[in-house]
Amino acid sequence: MRGELSLIAVIVLLFFYDTFGSQKSQKLFSVTACVLLAAQTLFNILPAEAGSSFAGMYQTSPIISMVKVILNIGTLLIFIQSVAWTKLEHVVIRRGEFYLLVLMTLLGMYLMISAGNFLLFFVGLETASLPVATLVAMEKFRHSSYEAAAKYVFVAVFSSAVMLLGLSYIYGVCGTLYFDDVIHRISGTPLAIVGLIFFLAGMGFKISLVPFHLWTADVYQGAPTQVTSYLSVISKGAAVFALTMILFKAFPTVADIWQPVLYGLIIVTITVGNLFAVRQKNLKRFLAFSSISQAGYIMLGIIAGSTAGMGSLVYYVLVYIFSNLAAFGVISSIENQTDKVSMDDYNGLYRTNPKLSVAMMLAMFSLAGIPPFAGFFSKFFIFAAAAEQGFYVLVFIALVNTIISLYYYLLVVKAMFIHQDDCTIPAFRSSCSLRLGIAVCVLGIVLTGLVSVVYTQIFNLSFGMFGL
């Protein structure tokens with residue numbers, strides 16, 4: 001549990017710093033939070049050996065420890081990009097509140113991923129979900145912020161109730177909450193099927209799978225951009241990893257039940273997400289529907305149910321973190337200066353802010369899967385993993401949808417580079433922290449695609465997932 005213990009140590013240190021530090025020392029709080037999280041990430045960067053604690057309730061393995069490091073990297077990038085935002089006049093918060101709440105949700109995600117028991121999984125899920133409502137409402141003097149928080153609370157409560165009902169049915173059938181015992185006792189009885197469907201529905205809300213996606217665009221638009229980026233990559237990525245672990249630790253013997261369900265969810269999620277993204281002008285809503293379609297692509301790694309599928313999923317999420325955070329970094333930089341988030345406002349942006357335009361272009365190219373950027377390789381691997389298991393029709397539908405996504409991602413590029421309208425966004429210089437965060441994301445987009453050791457290491461560690 002070195003990951004959880006070291007993260008708790010970081011949380012405690014930052015809590016005492018925020019509570020007892022002088023007003024003058026608070027100016028360095030953001031930097032301190034970034035340094036401590038970076039140190040915690042380096043401390044846990046070596047893969048942990050497989051093992052369990054608390055009578056099997058908590059489990060770890062090399063691939064699980066790598067997943068936690070990936071979530072840490074994404075969170076650290078969000079911290080770096082948030083430094084300038086926490087200093088804005090309309091953000092009336094103690095700086096420590098944002099960082100501590102984010103780290104609390106990260107701790108909950110750790111527990112979700114390492115759970116070997118549904119009880120610990122649910123505790124981790126709620127620990128990861130409840131502070132998010134506060135984060136969404138962080139800009140409390142903006143109507144859209146607390147409206148989004150209210151919507152998120154209602155959806156989170158409803159989805160948790162549905163999931164808990166499903167887990168109670170599974171417990172009634174199996175008489176245990178331990179994954180290692182459920183795998184031997186679950187069967188295709190009607191009660192077990194209903195419980196499994198309810199569980200998948202609850203997770204569908206967390207991952208934003210269609211038809212459980214209706215909250216996503218409104219919450220992403222109303223929440224502060226930094227919180228939106230956290231929801232779109234870290235929260236979604238952790239939920240996907242947790243679902244993968246549970247399906248292949250507890251429910252592999254009933255794969256004939258949940259695979260057809262995932263098959264249908266993937267098709268409608270990718271298609272609906274892409275079709276609605278085409279219609280969006282607000283960039284935060286645009287990326288919300290983009291994240292919905294990306295969730296569908298990520299689920300291809302789960303339905304593949306193989307070592308290649310698991311490795312492809314982990315690699316896809318890593319690439320998605322860099323690509324999406326690069327886009328959100330540009331949006332945040334412009335929003336902090338001008339409060340503009342419409343695609344029409346980006347017309348001719350290249351003439352006034354060429355560096356931001358290039359960063360956004362690379363992010364869009366990667367999300368669309370254009371070679372030689374990392375997004376192309378992540379899609380290639382995850383499509384190959386699904387095709388290897390015989391899901392040819394599903395892969396074909398996903399490929400057709402990729403063409404649709406290419407169209408709407410290029411709309412942003414067209415607005416910045418081709419439209420000749422007078423740009424409403426003046427030339428400006430972003431804060432040092434935002435420039436650093438965007439630069440790291442752009443570097444990640446390029447290197448994770450071109451440096452083969454990245455995905456080679458991920459695929460090697462994924463062999464432990466299925467005991468191969």
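User: Where does Phe 251 lie?

Analyst: Phe 251 lies in the loop between H10 and H11, where helices (H or I, at least four residues) and strands (E, at least two) are DSSP runs numbered from the N terminus. Please keep in mind that this is a predicted model, in which local features need pLDDT of at least 70 and side-chain atom pairs count only at pLDDT 80 or more, while totals for chains, interfaces and linings use all residues. Residues are numbered from 1 along each chain as its sequence is written, and side-chain values use heavy atoms, with hydrogens and water left out.

User: Is Phe 251 buried or exposed?

Analyst: Phe 251 counts as buried because its relative accessibility is 0%; buried means under 20% relative accessible area, exposed over 50%, and partly exposed in between, with a 1.4 Å probe and protein chains only.

User: And which residues does Phe 251 touch?

Analyst: Leaving aside residues up to four places away in sequence, Phe 251 touches Phe 118, Ile 170, Val 182, Ile 186, Leu 196, Phe 199, Ile 246 and Trp 258, contact meaning heavy atoms within 4.5 Å. Phe 251 and Asp 180 are 71 residues apart in sequence, yet their C-alpha atoms are 9.7 Å apart in space.

User: OK, rings next. How many aromatic pairs does a search of the whole structure find?

Analyst: The search finds 30 aromatic pairs, where rings of Phe, Tyr and Trp (its six-membered ring) pair if their centres lie within 6.5 Å, and planes under 30 degrees apart count as stacked, over 60 as edge-to-face and the rest as tilted. For Phe 15 and Phe 16, the ring centres are 5.7 Å apart and the planes are at 70 degrees, so this pair is edge-to-face. Phe 248 and Trp 258 also form an edge-to-face pair, with 5.5 Å centre to centre and 90 degrees between the planes. That pair links distant parts of the chain, 10 residues apart, with Phe 248 in helix H10 (residues 225–249) and Trp 258 in helix H11 (residues 255–278).

User: Are Phe 248 and Trp 258 buried or exposed?

Analyst: Phe 248 counts as buried because its relative accessibility is 16%, and Trp 258 counts as buried at 0%. Phe 15, by comparison, is partly exposed at 44%, and Phe 16 is partly exposed with a relative accessible area of 44%.

User: Which residues form the nonpolar patch on the surface?

Analyst: The patch is formed by Met 1, Leu 5, Ile 8, Val 12, Phe 15, Phe 16, Phe 20 and Phe 54, with about 820 Å² of accessible area together. Patches are made of residues with over 30% relative accessible area and no salt bridge, like charges being joined within 9 Å and nonpolar side chains (Val, Leu, Ile, Met, Phe, Trp, Tyr) within 5 Å; the areas come from the Shrake-Rupley method with a 1.4 Å probe, and for residues only the protein chains shown count as cover. Ile 8, one of the patch residues, sits in helix H1 (residues 2–20) and is partly exposed at 37% relative accessibility.

User: Switching to charges, how many salt bridges does a search of the whole structure find?

Analyst: The search finds five salt bridges, each being a side-chain nitrogen of Lys or Arg within 4 Å of a carboxyl oxygen of Asp or Glu. In one of them, the side chains of Lys 68 and Glu 4 meet at 2.6 Å, N to O. Because Lys 68 lies in helix H3 and Glu 4 in helix H1, the pair ties together parts that are 64 residues apart in sequence. Lys 68 is buried at 7% relative accessibility, and Glu 4 is buried at 1%.

User: What about Lys 151, which residue does it form a salt bridge with?

Analyst: Lys 151 forms a salt bridge with Glu 147, the closest N and O atoms being 3.3 Å apart. Because the two are four residues apart in helix H6 (residues 143–174), Lys 151 and Glu 147 are separated by about one helical turn. Glu 147, Lys 151, Asp 218 and Arg 285 are linked in a network of salt bridges.

User: Last one, backbone geometry: where are the cis peptide bonds?

Analyst: A cis peptide bond joins Val 210 and Pro 211, with omega about 10 degrees, and Pro 211 is in the loop between helix H8 (190–207) and helix H9 (216–222). Another cis peptide bond joins Pro 371 and Pro 372, with omega about 10 degrees.
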